[in-house]
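Please look over the sequence and structure shown here before reading the briefing that follows.

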Amino acid sequence: MNKRVRTAVAAAAAACAVVVLIPAQAQAAEYSSALKIRGVQYDAPGRDSNSCTSGNTRDEYLTIKNYSSRATINLRNYVVKDAAGHRFAFTANHYLQPGDYVKLRGGNGTDSDKYNVVYRDNCNFLWNNDRDTIYLYKPSGSRSDVHAYTRSGSDPDRNGYIRFH
């Protein structure tokens, strides 16, 4: 093989290697976090009432699950946001074992590892009933997961709950 042919073959092989690597990297980035939004009860059953004493904000919740088969994840400093920028930051240690989940509920209550619940200690609803986007951020500030929904497009049975993963 002459030098020009060897150079052309080497260039073609390098181009193929790049083409093969790019899709693999994109896929790995998409699934880089084991912590994901499993589902959301974006519309609490009944008539919405954000009264702290008699309202139903605690019936609106976000389920976050650890999909890792080995790693325990501490939720401390993870942040949940909506499209309008309303946010909730996990300020205390809350450990999710592999396969475990937590329900982030509205309203006031006592956080519990045993019952897999964390309360926002805020009686205002976080999720819009017609459409919204849910962002989950790692302590580093990078995104762990994101989902957008619409009542008409994402919730065909209109029960106010959408399962993502």
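Does Cys123 count as buried or exposed? Cys123 counts as buried, at 7% relative accessibility, where buried means under 20% relative accessible area, exposed over 50%, and partly exposed in between, computed with a 1.4 Å probe on protein chains only.

This is a predicted model, in which local features need pLDDT of at least 70 and side-chain atom pairs count only at pLDDT 80 or more, while totals for chains, interfaces and linings use all residues. Residues are numbered from 1 along each chain as its sequence is written, and side-chain values use heavy atoms, with hydrogens and water left out.

**The disulfide**

- Cys52 and Cys123 form a disulfide with their sulfur atoms 2.1 Å apart, the term being a pair of cysteine sulfur atoms within 2.5 Å, and the count by this rule is one.
- The link of Cys52 and Cys123 is right-handed, with 120° about the S-S bond.
- Because Cys52 lies in the loop between β1 and β2 and Cys123 in the loop between β8 (117-119) and β9 (131-137), the pair ties together parts that are 71 residues apart in sequence; strands are DSSP runs (E, at least two residues), numbered from the N terminus.
- Cys52 is exposed, with a relative accessible area of 54%.

**Thr57 and its surroundings**

- Thr57 is placed in the loop between β1 (35-41) and β2 (61-66) and is buried, with a relative accessible area of 4%.
- Leaving aside residues up to four places away in sequence, Thr57 touches several residues, among them Ser49, Asn50, Cys123 and Phe125, a contact meaning heavy atoms within 4.5 Å.
- Thr57 and Asn124 are 67 residues apart in sequence, yet 6.7 Å apart in space, C-alpha to C-alpha.

Conventions. Helix = DSSP H or I, 4+ residues; strand = E, 2+ residues; numbered from the N terminus.
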